[in-house]
Amino acid sequence: MANIVIVGAQWGDEGKGKIIDLLSDKTDYVVRYQGGNNAGHTVCIGDEKFVLHLIPSGILRRGRKCVIGNGVALDPRALLEEITYLKRHKISVDGRLFISGSCHIIFPYHKIFDTVREGHSQRQRIGTTKRGIGPCYADKVNRCGIRVADLLDAKIFRKKLRSTLREMNSILSEIYHTKPVPFNSLYKEYCGYGRKIRKFVCDSSKVLNDAISNKKAILFEGAQGTLLDIDHGTYPFVTSSNSTAGGACCGTGVGPSRIDKVIGILKAYTTRVGEGPFPTEFPKGRMNTQLRSRGKEFGATTGRPRRVGWFDAIIARHSVVVNGIDEVVVTKLDVLDEEPKIKICTAYRYKGKLIKGFPMNMEIFAKATPVYETHPGWLSNTNKCRKVKDLPLNARRYLKRIEKLIGARIGFVSIGSKRNETIVVK
Ligand code: GDP
Ligand code: IMO
Ligand code: MG
């Protein structure tokens with residue numbers, strides 16, 4: 001199989017975990033390239049449900065090797081908890097998990113910053129997962145971050161932690177009036193993590209490029225979604241990394257010429273968690289609660305209810321373009337089974353003007369109203385369909401219309417959370 005990037009094409013939670021699990025059947029390596037334990041990827045195998053936050057979903061397939069690339073913000077405590085969670089399910093990571101020495105580490109002060117900034121009256125609330133992701137990436141860009149390789153050298157780690165912590169503690173106490181984080185216990189705690197994760201640490205770029213040279217196939221597992229990308233998303237209501245396909249190169253050290261294909265994952269409708277504009281969001285009421293409960297739209301990481309709305313072809317087409325998506329997977333089509341009428345947003349209206357592209361100006365995006373076309377529903381159960389021709393005519397028409405509007409072909413349709421609840425489109 002080729003080297004493929006899987007990317008969320010909306011605001012996250014599109015069902016990437018399910019599709020990565022499915023495609024990892026035919027791959028050798030599964031690699032996370034950005035984000036951290038803000039992600040929540042659900043994989044259902046038989047009657048068992050797994051939720052992974054940091055370790056690539058490929059770990060659930062026997063024999064697959066999993067890499068946490070340099071672009072990931074790594075919380076070692078969360079990582080060790082996830083390893084324990086997998087062990088409880090009789091899944092071993094030994095010899096299968098590789099962690100880049102260049103990953104930046106999340107410290108407790110990052111989580112404190114994430115929490116106090118969200119609550120601060122002078123700052124824009126983003127609705128973050130409070131996992132310390134943004135502050136960790138801020139330190140990376142500010143060139144004062146501490147990386148996994150630093151953790152493995154006690155002397156270097158001590159020196160870096162001491163100087164960084166001094167600065168962080170003065171900002172925390174003087175600006176946010178919180179208690180300082182004590183050096184000794186933090187140093188000890190993290191040295192302990194270093195000892196535990198040392199055996200996984202590698203040069204992820206070398207591991208992956210050697211694998212490619214040896215004709216191994218790699219699946220790049222995106223976290224979050226395109227509209228949460230720091231550059232191409234709904235800034236500032238985004239995460240702090242490049243969740244788009246380009247991030248796969250920077251976040252692993254694999255060059256673009258070695259990547260063969262980009263697959264975008266799209267829900268048959270739209271959801272979003274956290275703050276920020278969402279033109280097709282349902283107003284509070286029946287549709288909102290109905291689709292949320294049918295789609296079980298509650299965050300896999302924080303448990304927050306997801307905001308729900310109609311399919312937005314403008315953001316989907318934007319995703320196709322900025323990721324260079326070759327093919328899409330439409331997930332959760334079954335959630336629409338009981339809807340008599342289904343809408344697709346094909347343009348926005350702003351101050352009387354029709355807008356057909358994704359606006360650069362987020363003020364416009366926030367105030368734009370969606371222009372819809374309405375499609376008849378199919379009012380029958382799609383969950384048992386296994387071929388395109390099994391799908392009701394109106395469902396096929398809905399999918400065809402999506403293909404046309406977004407400018408990419410549909411390769412798979414998902415009609416349930418389990419592996420076999422998938423239709424391969426020829
Ligand atoms: P991810 O973050 O993109 O991996 O997505 P999440 O795991 O956060 O959320 C997707 C949710 O939808 C999970 O609970 C999946 O089990 C579920 N899911 C995935 N595909 C389908 C589908 O086709 N139909 C239904 N009903 N549920 C699905
Ligand atoms: P997966 O990989 C949905 C959202 C948060 C918030 C914003 C910034 O499961 O699709 P952060 O903690 O990253 O600084 O929060 O991004 N967010 C997600 N929303 N799915 C995710 O991951 C998300 N990861 C972050 O809700 O709005
Ligand atoms: Mg998720």
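Student: How far is an oxygen atom of ligand 2 from an N or O atom in the side chain of Thr-129?

Tutor: This is a predicted model, where local features need pLDDT of at least 70, side-chain atom pairs count only at pLDDT 80 or more, and totals for chains, interfaces and linings use all residues. Residues are numbered from 1 along each chain as its sequence is written, chains are lettered from A and ligands numbered from 1 in the order in which they are written, and side-chain values use heavy atoms, without hydrogens and water. A polar contact is a pair of N or O atoms within 3.5 Å; within protein, one must be able to donate a hydrogen and the other to accept it, and residues adjacent in sequence count only if both atoms are side-chain atoms. For the Thr-129 side chain, the distance to the ligand 2 oxygen is 2.6 Å.

Student: How much of ligand 2 does the protein bury?

Tutor: Areas come from the Shrake-Rupley method with a 1.4 Å probe; for residues, only the protein chains shown count as cover. Alone, ligand 2 exposes 540 Å². The protein buries 98% of that.

Student: Is Phe-113 buried or exposed?

Tutor: Buried means under 20% relative accessible area, exposed over 50%, partly exposed in between (1.4 Å probe, protein chains only). Phe-113 has a relative accessible area of 2%. Therefore Phe-113 is buried.

Student: Why does Tyr-176 count as buried?

Tutor: The limit is under 20%. Tyr-176 counts as buried because its relative accessibility is 15%.

Student: Over the face of which residue does Arg-162 lie?

Tutor: A charge sits over a ring if NZ of Lys or CZ of Arg is within 6 Å of the ring centre and within 35 degrees of the ring normal. Arg-162 is at 4.1 Å from the ring centre. The ring belongs to Phe-183.
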